[in-house]
Amino acid sequence: VQLQASGGGLVQAGGSLRLSCAASGRPFGNYDVAWFRQAPGKEREFVAAIRWRGGSTYYADSVKGRFTISGDNAKITVDLQMNSVKPEDAAVYYCAARYLVVSYISPSHVPSEYDYWGRGTQVTVSS
C-alpha cells in the first residue's frame, strides 16, 4: 500500500481544513487507517483512525468533536475534516495504514505499529 497525504496549508484559528489520504497499490480492505501528527520538538501523536471494514472511527481526546475521519470506498481515500482548528493543531500530519490483525482491539495509537506511511502534509495555524 502506498499512501499520499494532501490538503495541508495555512488556516486561521477557528477555521477548517480538509486533509486527504489516497491509497494506491491495493484497496484498504482489511486495514486500519490513521492520521498522526508531529509538531516541532514533539513526538508523533495519534489523531484519528478508521477501521476500513465496518467504518468504526476513533479519535484522540484533543480532537474529539472537532475533527472527523471518513473513508471513501470508491476513491480509496481517507479524509480528515478539521473544524474549529486551534493553534496547537499545527503540525505535520501523516496518514498511516496497518493490516487488521485482531478485530476486537481498537486501532493502535502507536506509530511504530503501523506498516505503511505517507509523506506528511504541513498544517499551519495562524492566530
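Which residue forms a salt bridge with Arg-98? In this predicted model, the partner of Arg-98 is Glu-113. The legends below take that pair in turn with other close-up views.

**View A. The disulfide between Cys-21 and Cys-95.** The sulfur atoms of Cys-21 and Cys-95 are 2.2 Å apart and form a disulfide. A search of the whole structure finds one disulfide. Cys-21 belongs to strand 3 (residues 17-24) and Cys-95 to strand 9 (residues 91-99), so the bond ties together parts that are 74 residues apart in sequence. The torsion about the S-S bond is about 70°, so the disulfide is right-handed. Cys-21 is buried at 0% relative accessibility, and Cys-95 is buried with a relative accessible area of 0%.

**View B. Strand 8 and its two faces.** Strand 8 (residues 77-82) is largely enclosed by the rest of the structure, because six of its six residues are buried. In a regular strand the side chains alternate between the two faces of the sheet. On one side of strand 8 are Thr-77, Asp-79 and Gln-81, and on the other Val-78, Leu-80 and Met-82; both faces are covered.

**View C. The strands paired with strand 8.** Strand 3 pairs with strand 8 in the antiparallel sense over six bridges, and Arg-18 stands opposite Gln-81. Strand 7 (residues 67-72) also pairs with strand 8 in the antiparallel sense, over six bridges. Here the bridge partner of Thr-68 is Gln-81. The hairpin of strand 7 and strand 8 has four residues between the strands, and in this hairpin Ile-76 takes a positive phi near 55°.

**View D. A salt-bridge network of Arg-37, Glu-45, Arg-66 and Asp-89.** These four residues are linked in a network of salt bridges. Among its contacts, Arg-37 and Glu-45 have their closest N and O atoms 2.6 Å apart. Arg-37 is buried at 5% relative accessibility, whereas Glu-45 is partly exposed at 36%. Arg-66 and Asp-89 meet through their side chains at 2.7 Å, N to O. Arg-66 lies in the loop between strand 6 (57-59) and strand 7, and Asp-89 in the loop between strand 8 and strand 9, so this pair ties together parts that are 23 residues apart in sequence. Arg-66 is buried at 11% relative accessibility, and Asp-89 is buried with a relative accessible area of 0%.

**View E. The salt bridge between Arg-98 and Glu-113.** The closest N and O atoms of Arg-98 and Glu-113 are 3.7 Å apart. Arg-98 is in strand 9 and Glu-113 in the loop between strand 9 and strand 10 (116-117), 15 residues apart. Arg-98 is partly exposed, with a relative accessible area of 23%, and Glu-113 is partly exposed at 34%. The structure holds seven salt bridges.

How values were computed
Residues numbered from 1 in each chain as written. Predicted model: local features only at pLDDT ≥ 70, side-chain atom pairs only at ≥ 80, totals over all residues. Heavy atoms only, no water. Disulfide = S-S within 2.5 Å. Buried < 20%, exposed > 50% of the residue type's maximum accessible area, 1.4 Å probe, protein only. Pairing = 2+ DSSP bridges.
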